[in-house]
Amino acid sequence: MTRSPVPDPKDEPRNPTRTGMRLIVPLQGVVQGRGGLILGSIIPCALFYFLQFYLKRHRSSPPNPPSPSTSTGNLSELPRSSSRANLSSRGSIGRVHVSSRASSIAKPNDSPYYIGLDRVREDPYDEMSNPDGIIELGLSENRLSLDLIEKWLEENFNNSMLGIGGDGLGIGGIATYQPMDGLMELKMAMADFMTEVMGRTVVFDPARVVLTSGATPALEILSFCLADQGNAFLVPAPYYPGFDRDMRWRTGVELIPVHCRSCDNFALSITALEQAFNQARKRGQRVRGILISNPSNPVGSLLNRDTLFDLLDFARERNIHIISDEIFAGSTYGNEEFVSMAEIVDSEDTDKDRVHIIYGMSKDFSIPGFRVGVIYSFNENVLAASRKLTRFCSVSTPTQQLLTSMLSDTSFIQEYLKTNRRRIASMYDLFVAALRGLGVVCTKSCAGLYCWVDMSRLISPYSEKGELDLWDKLLNIAKINVTPGSACHCIEPGWFRFCFTTLSENEIPIVVERIRKVVESCKPPV
Amino acid sequence: FYLNFLMDQLLSKIAINDGHGENSAFFDGWKAYDSNPYHPTQNPNGVIQMGLAENQLSFDLVEEWVRNNPKASICTEQGANDFKDIAIFQDYHGFPEFRNAVARFMEKVRGNRVRFDPDRIVMSGGATGAQETLAFCLADPGEALLVPTPYYPANDRDLTWRTGIKLLPVICESSNNFKITSSALESAYNKAQESNIKVKGLLLNNPSNPLGTVLDKQTLTESLNFTNNKNIHLICDEIYSATVFSKPDFISIAEIVEENPNCNRELIHIVYSLSKDLGFPGFRVGIIYSYNDSVTNCARKMSSFGLVSTQTQHLIAYMLSDEVFVDRFIVESSKRLGNRHSALVNELARVGIESLKSNGGLYCWMDLRRLLKEYTFEAEMELWRVIVNEVKLNVSPGSSFHCSEPGWFRVCFANMDDETLMVALKRIHKFVIQSKGINVVNEVPNSKKQYRRNNKLEINLSFRRLDGIMMEPHKMSPHSPMSSPLVRART
């Protein structure tokens, strides 16, 4: 008896068997008519194996994305390192699939906020070595008072700050597990510092302090703790571009801008919040909280007590959270008084569980490189979860020890905060006056390291495109990097954020001259 | 109560689920230690912590270096000049000097057999952050990574808690010394396919925690081929690479990659950290090294969530560029680890306790199968409770490492000083010698020749004694896994 030329069905993957059979049997008939047994065996086998091979190849490439042959995807287009030069001969390499999260994040930056920062990195202004470089006015850092800290260091060296003693063997000659959410000494020093910064109107409790490596992971942790994937936060706009990254990237949480307008001086309106909340509900989107920045970034305004109370009422009625990013609390310079959400909670004594404050050492204390952020929450469960999550973002121990020493010197801190505020105020005055000299005005701000500048008369057309054109000119012709309002989700075109605390006094005229070049060319004909 | 319920509704699933993993036995031992920690004079009967894989044997070398090199620390006269530039620098690329120094160090640890490109060095919040970031980059929620068992318990939390991915075990068995076999890999992969779970990668830990062994070239090559063939990622956690103290040499996946130019490099990623090798977990220096540009870009952007303090970057850049120090450190640290390892393993052997032959890591993998009442995980937990509560040693039970066979325990030896180790060894000795007869499991299923012991010393446990403990609940540790576990937030 001849053996069946069709391979044993047991040996194959389930599906091709049937289709295989349907192909083979008639073929056998055809072939056996002429070629006889041999062809009758070989040809169906050959066809069968080709079929299997074909099916296998297509099955091995993952189902995502749906059309592997046509979608190029950005992955295969990426510049390849030279190590891959000899791999082009291997035709059967499937494309490497990273997660869908990664695919969008790995794309080149498309927000002007990030593009500007990248451009400055490539061509940074330096008085001596690169006088034609791009001057950075797009990053809110404060260089005005670093000398004070440096001086303190010079006067207060001591070995405990070297930061290595604490890591060694603890009691009983056994290495102890370091708490990921920060050493108690630093938490205490931080609570005192926050009390001081926010005007001593409320006392911060070290037991509610969770330390993270910067405010960025602090925000992300809160986003993970307070919302599930697909939920949303309401955010008054214009807002800090980094919120999009911190709150959304890895969490899958959405941000819904609540637009504020120049006619109100960009003040937050509860009515607008209500509308946004209701619209979200209609869409079936669950709002979990409101994210405010106070002092506000980019506008530089402060929320007054009444508004804060209203916000708390609003949140209570809808059973949602409030995240108050108060990272610029120590950078106030106007006449208005800063009121922390902690103060509101203190006087209300109910609904504490829905209030969470973000703080950090990157703005008021000018040490963004050291990565020190704070989650301050009144909700025990949030604190418990946050503490556990700090394992992904703890503050480096030497930094904790250095900072504890610094912050514990209360007279230094008081002096520092006072002097820093004064310096920011005078720089603000100088800068705003200089801009006014160019015919450019900004909102009156009383906090922050930046001013919110109205260049709407200079853009053409009066749209986001016009604004980005101007931004581009400022970046490439005037060689200054500023943040366009669209990157901050501002609904009115033509507004720009200019940070002025990276400048020294003598650099202001240089900046003004550069801006003048562009402004002159943009002015509408008289 | 209603208000609490309402408040709970306020939190996300991630905040209230068990993803933090602190309800497992692994952490119960820590809690037992926390409530009764050993101290040579103040609490000599306290629990000795042997469940913490930290390397404290060579931090004195680091301390000495820091003191002798004040320029590396910004809080010294010599270093303060750098303060301003360091404090204000927040570029997530990190200092080039830092990346160069780390790349050089990683090369040295691998005997200069490979080259690492400093531009591919990406920071993260410790190895913990590095693993999580890679998981975010390589897999979407619901997708899975294969992990050979037994594995580091915190992988469950670090890789899956916020990312929403799954970990699927690749079963390794004591019969071949827990080697990772091709068939185990295939079987795990197929099992996932059958359950309709998409596998995105394989996570290897080399040197292994908890085994303390290094992967041989064959296993590494097989793993590389396996992942290449399936077009899935290969993540190698090489965090213990400089803790290898005897032959065979540590072989990094980087070496295999360089020897196999035809492999698809875009699938290879290395996780590293200075916490174990240098002994400074507090520095929080995690490193992702990926051969995939897309992953490198993405991970670098995500590093904003866990950047290394520039103060630390500065210190490390100086320290690891000091080639004389580094060379000396690597040699001395290995020597000290090797000595400690021998001290522990020899003492265990003297009382008839075998452990897996290992040459790296900060722990050893003890075989206590013959001490089990019966060959079950419940019996393992009972034995563990005896060790924690009676012998007063916090060791980690194999089940918390997802070991497929009961009776294995990880005991750490590098997180204490010599005197404390002596006390621990004495306790083990005393415990074993003083125990009375019991029906122990004489025949362990699947056990092979390497565990042939001269049965001169009989290890016996008083059955009645164990019973007595079980019957009196008030004597049980309140943190034992049988009672409802307390999830204590650490302040």
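Helix 11 of chain A, residues 305-318 of this predicted model, comprises 14 residues. At 1.5 Å a residue, a helix of this length should span 20 Å, and the end C-alpha atoms are 20 Å apart, which agrees. The buried residues of helix 11 are Thr307(A), Leu308(A), Leu311(A), Leu312(A), Phe314(A), Ala315(A) and Arg318(A). These residues cover an arc of only 160° around the axis, which places them on the same side of the helix. An α-helix has 3.6 residues a turn, so residues three or four places apart point the same way. The exposed residues Asp306(A) and Glu317(A) lie on the face turned away from the buried side.

The buried residues of helix 11 pack against several elements of chain A, including strand 3 (232-237), helix 10 (270-283), strand 5 (287-293) and helix 12 (341-348). Just after helix 11, Asn319(A) adopts a positive phi of about 55°.

The largest nonpolar core contains 156 residues, of which Phe431(A), Met455(A), Leu474(A), Phe498(A) and Ile515(A) touch the most other members. Apart from neighbours within four places in sequence, Met455(A) is in contact with residues including Val440(A), Leu470(A), Gly494(A), Phe496(A) and Val519(A). A second, separate core of 151 residues includes Phe116(B), Ile256(B), Ile268(B) and Leu307(B).

Between the two chains, the contact takes 103 residues from chain A and 101 residues from chain B. Chain A and chain B together bury about 9,000 Å², with 59% of this area on carbon and sulfur atoms. Six salt bridges are counted between chain A and chain B. The side chains of Asp228(A) and Lys13(B) form a salt bridge, at 3.6 Å from N to O.

Definitions and conventions: Residues numbered from 1 in each chain as written. Chains lettered and ligands numbered in written order. Predicted model: local features only at pLDDT ≥ 70, side-chain atom pairs only at ≥ 80, totals over all residues. Heavy atoms only, no water. Helix = DSSP H or I, 4+ residues; strand = E, 2+ residues; numbered from the N terminus. Expected span 1.5 Å × (residues − 1). Buried < 20%, exposed > 50% of the residue type's maximum accessible area, 1.4 Å probe, protein only. Arc of directions from axis to C-beta. Contact = heavy atoms within 4.5 Å. Core = buried A, V, L, I, M, F, W, Y, C linked by side-chain atoms within 4.5 Å. Buried area = accessible area lost by both parts, 1.4 Å probe. Salt bridge = Lys/Arg side-chain N within 4 Å of Asp/Glu carboxyl O.
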